[in-house]
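Subject: A structure for you to look at

Hello,

Here is the structure I promised to pass on to you. Have a look at it first, and then read on for what turned up in it.

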Amino acid sequence: DKMKLVEDIANVVMDDASHHAELLEMDQKATGLDRSETLLTLIKYPYVKMATITKDNKVVIAALVTQHTNTPLATVGPILGQEEYVPTLLQGIRESLPPSVTNLVLIVSDHPSLVKTLADAGFETVFELGAMTMSGTLLSGERDLYLGLIHPTLG
């Protein structure tokens, strides 16, 4: 509730199938991997939603949201796009979920300014890790666009 909204953008849109292709494109650009099949499979589950924000008819940030049955928890990830839109995205997601969901969980990797922004908005840092690597080499893709990791509970 303390999150400040970014002005001059369209509202957060939940489950707009016309944005699936942009989500997949953003994910491939950010990760350097083709995870299309996995992400499209996840989107089909009734408890997984996709949230997007558009500006000038282009998706600037997208995320998957998993609502956990019979718990007050929802996980958000992957989050892809422009960092400055994360607070607005999370606020829109929160408003779209039922009142029984009281906690949003996300994993932010190698974005210290985003962690600070979220802490200022009331999020709690539970643990900290460095950037992900494979055998000591940074992963491919434009990692500055990969804001929130896909959550382990999504598969």
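Let me start with a question: is His19 buried or exposed? His19 counts as buried, because its relative accessibility is 9% and the cut-off for buried is under 20%. You will find His19 in the loop between β1 (13–14) and α1 (20–31). Leaving out residues up to four places away in sequence, His19 touches Met50, Thr52, Thr54 and Val59. Please keep in mind that this is a predicted model.

**The overall picture**

The protein has 4 helices and 8 strands. Along the sequence they follow the pattern β-α-α-β-β-β-α-β-α-β-β-β. Of its 155 residues, 40% count as buried. If you take the contacts between residues at least 6 apart in sequence, 66% of them join residues at least 24 apart.

**Two helices that meet**

Two packed helices are described by the angle between their axes and the distance between the axes. The axes of α1 and α2 (residues 36–44) come within 10 Å and cross at roughly 140°. That angle makes α1 oblique to α2. The crossing of α1 and α2 is right-handed. On the α1 side the contact is made by His20, Leu23, Leu24 and Asp27, and on the α2 side by Ser36, Leu39, Leu40 and Ile43. These contact residues divide into 5 nonpolar, 2 polar and 1 charged.

**An enclosed helix and a buried strand residue**

Why is α3 described as largely enclosed by the rest of the structure? It is because 8 of the 11 residues of α3 are buried. Those buried residues are Val86, Pro87, Thr88, Leu89, Leu90, Gln91, Gly92 and Ile93.

Ala51 sits in strand β2 (residues 48–55) and is buried, with a relative accessible area of 0%.

**Around Glu83**

Glu83 belongs to the loop between β4 (73–81) and α3 (86–96). With a relative accessible area of 23%, Glu83 is partly exposed. Which residues does Glu83 touch, not counting those up to four places away in sequence? They are His111, Ser113, Leu114 and Leu147. With His111, the side chain of Glu83 makes a polar contact of 3.3 Å. Thr117 is 34 residues from Glu83 along the chain, and their C-alpha atoms are separated by 9.8 Å.

**Some backbone details**

Gly77 and Pro78 are joined by a cis peptide bond, with omega about 0°. Pro78 is in strand β4.

Asp15 has a positive phi, near 60°, in a residue other than glycine. Asp15 is in the loop between β1 and α1, and it is partly exposed, with a relative accessible area of 40%. Phi of Asp56 is also positive, near 55°. Asp56 lies in the loop between β2 and β3 (58–67), and with a relative accessible area of 71% Asp56 is exposed.

Enjoy exploring, and write back with any questions!

Best wishes

Notes
Residues numbered from 1 in each chain as written. Predicted model: local features only at pLDDT ≥ 70, side-chain atom pairs only at ≥ 80, totals over all residues. Heavy atoms only, no water. Helix = DSSP H or I, 4+ residues; strand = E, 2+ residues; numbered from the N terminus. Buried < 20%, exposed > 50% of the residue type's maximum accessible area, 1.4 Å probe, protein only. Contact = heavy atoms within 4.5 Å. Polar contact = N/O pair within 3.5 Å; in protein donor to acceptor, adjacent residues only side chain to side chain. Axes fitted to C-alpha atoms, helices over the stretch in contact; angles between N-to-C directions. Parallel < 35°, antiparallel > 145°, perpendicular 65-115°, else oblique. Left-handed = near helix turned anticlockwise from the far one by under 90°. Nonpolar A, V, L, I, M, F, W, Y, C, P; charged D, E, K, R; others polar.
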